[in-house]
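Dear colleague,

Please find below the structure that I am handing over to you.

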Amino acid sequence: MAKQELKRDLKNRHVQLIAIGGTIGTGLFLGSGKAIQLAGPSILFSYLIIGIALFFVMRTLGELLLSNAGYVSFTEFATEYVGPWAGFVTGWTYWFCWIMTAMADIIAVGVYMQYWFDIPQWIPALICLVILLGLNLLTVKLFGELEFWFAIIKVITIIALIVVGIILLIIGFNTNTGTVSLTNLWNHGGMFPNGISGFLLSLQLVVFSFVGVELVGVSAAETANPRKNIPSAINKIPVRILLFYVGAIFVILCVNPWTQLDATSSPFVEVFALIGIPVAAGIINFVVLTSAASACNSGLFSTSRILYTLSRNGEAPAKLEKLNKQAVPSNALFTSTIVVSIGALLSKLIPEQAFTVVTTISAICFIWVWSIILISHIKYSKTRPDLRAESTFKAPFTPFVNYVILGLFLFILIVMLFAEATRLSLLLTPIWFILLVILYNYRKKDS
């Protein structure tokens, strides 16, 4: 019986916007408020450093994916170049990463709905999840269309924020917290108001802001023309980082002194409310709500595809490989949705801490995934110089830059160990990896 295959229904515009949507999510719209409180204006440097590092990670991912047309996702080249254990652990960890991220996103949906309605966070979170499940069960093309329009809403919002901010900056607009000015960047304690420690502590939240940047790799098996679309999407990442992250945060900090921003709410909403446009603040809240829904949508897409790949490779129950009539891995999708719904439960049990807990665990697991991509690329460069020579999309500065970024990731984990807010999550996360190693060895003995 022939194996069922995913359809290559994602067009270039879908891949481009999935790449944009993957780099603009809850971490920017909600998490940036807390990051700004930790680092002050030096948060701009945090976004630049992590953004540049992840561009190089994406270049290595792109080269590896295009080196073999048979690769469905990065778990397969991890298996080939690092070892079967790496493919198994990374596949399941990536699934877990996106489960945690999707949980953070539906928690954020609950937070944003409280702007209009005084209802428990978990109710809108659960409703959103059910709607997204129904939409994801249809076709991959519909997922692509959803992400296309979700991403366009995000892009228009950020560009509008930047344009409005620049106009306010030029005219020297007065708000109830002072004048919109470049001097807001350094007049409230300097660029590093909380010292180097505040800057370092913000790195984990910035890492979470970028989760999803590798979604281009997950969508490779459903991309109509990967050799053209994947390099195009990856090469545009630096522009997106400068515009959507550095540009937006720069404007926010010029409009409003960082000391006036609330760590628990979206600085995007606060800025529009501050300049006396309450209707605009409501519109922006709707946009960040759709952004969270979009990121959760991406989470359901990626977790279902990773379970499908694991099942196809014999590393997950065979039933998860089953595709429905629309060529969507429906069993894998149901499984992921059920686990993500725990996020709604966390919103009920620990509404204040839920977002920080899941974003920390997510960031740690994503660091593992990105590190495996870098290590796989180092091994690929050493063992397959023939493929490296033939590559039309070579990652630059290999292997030097790979080692530098791996060192940066290790440094961030050490910082998280010393931070009270992230220490517990960091110490608990290894339990996941220990369980995976035990499960891998058990399966190996059994087979």
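Helices (H or I, at least four residues) and strands (E, at least two) are DSSP runs, numbered from the N terminus. By that definition, the protein chain holds 22 helices and two strands.

Two notes on the source are needed. This is a predicted model, in which local features need pLDDT of at least 70 and side-chain atom pairs count only at pLDDT 80 or more, while totals for chains, interfaces and linings use all residues. Residues are numbered from 1 along each chain as its sequence is written, and side-chain values use heavy atoms, with hydrogens and water left out.

Confidence is given as pLDDT, the predictor's confidence in each residue, from 0 to 100. The protein chain has an average pLDDT of 80, and 84% of the residues score at least 70. Confidence is lowest in helix α1 (residues 12-23), with a mean of 59, and highest in helix α20 (residues 400-418), at 94.

The next topic is burial. A residue is buried under 20% relative accessible area, exposed over 50%, and partly exposed in between (1.4 Å probe, protein chains only). Of the 447 residues of the protein chain, 60% count as buried.

Contact means heavy atoms within 4.5 Å. Leaving aside neighbours within four places in sequence, isoleucine 43 is in contact with Ala35, Ile36, Ser202, Val206, Ile249 and Leu253. In the protein chain, residues 24 or more positions apart account for 82% of the contacts with a separation of 6 or more.

Threonine 303 lies in helix α15 (residues 278-312). Threonine 303 counts as buried because its relative accessible area is 1%. A polar contact is a pair of N or O atoms within 3.5 Å; within protein, one must be able to donate a hydrogen and the other to accept it, and residues adjacent in sequence count only if both atoms are side-chain atoms. The side chain of threonine 303 makes such a contact with the side chain of serine 336 (3.1 Å), and reaches the backbone oxygen of leucine 300 at 3.2 Å. Apart from neighbours within four places in sequence, threonine 303 is in contact with Trp95, Trp98, Ile99 and Ser336.

Yours sincerely
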